[in-house]
Structure formats: structure tokens, C-alpha cells
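Hi,

Here is the structure I promised to send over.

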Amino acid sequence: MKLKYFILFFLLCLSYLGIGIVTQELLKTEILLAETLLEQFTRDQVIEVINFNRKWEWITYLLLPLLLLLKIAVIAKIIDVGAFFIDKKVSYSKLFSAVLKAEFIFLAAPVLKLGWFYFFETDFSLVDLQNFYPLALINITGYENLDSWFIYPLQALNLIEVVYWFLLAFQIKNLLDVDFVKSFGIVMSSYGVVLLIWIIAVMFFTLNMN
């Protein structure tokens with residue numbers, strides 16, 4: 001990874017971690033978890049779970065960069081394959097850079113989520129927090145009467161994801177020297193198809209788990 005990509009990636013990871021820590025502090029997520037668990041378990045059991053979470057919290061900080069790196073690398077490769085099928089060649093490092101830059105738009109989700117629950121919907125539960133996704137269809141339909149396997153796709157259908165597609169397409173347009181319609185078509189036929197398969201797989205897995 002080139003130095004400039006590494007710096008961008010470091011800033012992305014640092015931003016996610018910083019927002020996560022601020023969210024935990026301002027929204028009191030640990031207290032929400034304890035209140036939820038107390039409905040099913042004893043006080044001692046809840047304390048044990050909280051202590052376990054605190055002890056292994058560092059794993060989250062370790063996994064976040066790895067998962068982000070994997071996500072960006074895979075999406076860049078998927079788009080690379082999409083470009084190949086229309087006989088366009090571009091270096092993988094440039095595609096990686098494009099996906100990395102576009103990934104910053106997803107920082108809007110935790111920021112908007114924090115703002116919503118801190119300033120507006122201040123009376124909320126852990127379930128409310130878990131099922132909320134900013135600018136998504138699930139906020140229109142609500143989650144209370146939904147089967148659990150419908151929740152993820154309604155979260156995935158959101159305006160932030162749409163902006164992400166346009167950011168990718170705009171950068172690919174410049175990289176491949178094609179018009180915007182064609183670059184957006186590359187995003188749809190590569191990343192879009194894989195995203196759809198992923199959503200269906202999550203729905204299938206959730207349905208079978210229940």
C-alpha cells in the first residue's frame with residue numbers, strides 16, 4: 001500500500017474508531033446493553049457479560065482495519081473485473097484508491113445516527129439503536145412488525161449507499177475515460193450485482209437462523 005493510500009486508510013479507521021468511542025460515551029450503549037440483558041438474566045450474569053465485553057473490546061479495534069481493508073480490496077477487484085468485461089484496463093492500485101476515497105461517505109452513517117439519538121430521539125432502547133440506519137427505508141417502514149430477515153435489506157437500501165455508487169462511478173469515469181452512463185453501468189453490473197447477492201445471502205442466513 002502506497003504511503004498516501006496508507007494515510008487515507010489510517011484516517012478512515014481512526015474516524016470510525018473515534019466516532020464509535022464518542023457514540024458509546026454519549027449514547028451510554030453499555031447501560032443500554034445492561035438494561036436489555038437484565039430483562040432475561042440476573043444482575044451477576046449481566047455484570048459478567050459487561051466485564052467480558054470490556055476485556056475483549058480491543059479485538060474490535062483490531063478487526064475494524066482488517067475488515068475495512070478486506071472490503072475495499074474486494075470491491076476494487078470486483079470493479080476491476082467489471083472494467084475487464086468492457087475491455088477497459090486500469091491499474092488495481094488506482095481502483096483501490098477510488099474505492100478507498102468513496103468509502104469515506106459511509107462515515108456519515110454513524111455520525112447521523114449519533115446526532116439523531118443524541119439530539120432528537122433521546123428516549124430509545126438498544127434495539128432501536130441497532131435497527132436504525134440513517135436515510136434508509138427501514139426508518140419509513142419501521143422494524144417492529146417486520147420479520148427479522150427483512151431488516152437488513154431495508155437498512156441496506158439507503159441514500160448513503162446511493163451516493164457511494166455515484167462517487168464510485170464518477171471516479172471510474174475519470175480513470176477509464178468513459179462517459180458517466182458507462183461508468184455507472186460498470187458499478188451496477190459489478191459491485192451492484194455482488195451487493196444484491198450479499199443481501200440475499202444475509203436474508204437467507206437470517207431466515208435459517210430463525
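Before the rest, a word on the source. This is a predicted model, where local features need pLDDT of at least 70 and side-chain atom pairs count only at pLDDT 80 or more, though totals for chains, interfaces and linings use all residues. Numbering starts from 1 along each chain as its sequence is written, and side-chain values use heavy atoms, with hydrogens and water left out.

Now the overall picture. The chain has eleven helices and zero strands; helices are DSSP runs of H or I with at least four residues, strands are runs of E with at least two, and both are numbered from the N terminus. The C-alpha atoms fill a box of roughly 60 × 40 × 35 Å along the principal axes. Of the 210 residues, 36% are buried (buried is under 20% relative accessible area, exposed is over 50%, partly exposed is in between, with a 1.4 Å probe and protein chains only). Looking at contacts between residues at least 6 apart in sequence, 64% join residues at least 24 apart; a contact means heavy atoms within 4.5 Å.

On to the surface. The chain's accessible surface comes to about 13,200 Å², and 69% of that belongs to carbon and sulfur atoms (Shrake-Rupley method, 1.4 Å probe; for residues, only the protein chains shown count as cover). There is a nonpolar patch with about 1,100 Å² of accessible area together, and its members include Ile-21, Phe-52, Trp-56, Trp-58 and Val-74. Patch residues have over 30% relative accessible area and no salt bridge, with nonpolar side chains (Val, Leu, Ile, Met, Phe, Trp, Tyr) joined within 5 Å and like charges within 9 Å. A salt bridge here is a side-chain nitrogen of Lys or Arg within 4 Å of a carboxyl oxygen of Asp or Glu. Helix α4 (residues 57–85) gives the patch its largest share, eight residues. Leu-62, also a patch member, lies in α4 and is partly exposed at 48% relative accessible area.

Which residues does Leu-37 touch, beyond those up to four places away in sequence? Val-46 and Val-49. Leu-37 sits in helix α2 (residues 29–37) and counts as buried at 16% relative accessibility.

Then a few loop residues:

- Phe-104, in the loop between α5 (92–103) and α6 (108–120), is partly exposed at 25%. Leaving aside neighbours within four places, Phe-104 contacts Leu-8, Leu-11 and Leu-12. Phe-104 and Leu-12 are 92 residues apart along the chain, yet their C-alpha atoms are separated by 6.6 Å.
- Leu-135, between α7 (126–131) and α8 (138–141), has a positive phi near 60° although it is not glycine. Its relative accessible area is 47%, so it is partly exposed.
- Asp-177, in the loop between α10 (159–176) and α11 (180–209), also has a positive phi, near 55°, in a residue other than glycine. Asp-177 counts as exposed, at 68% relative accessibility.

Cheers
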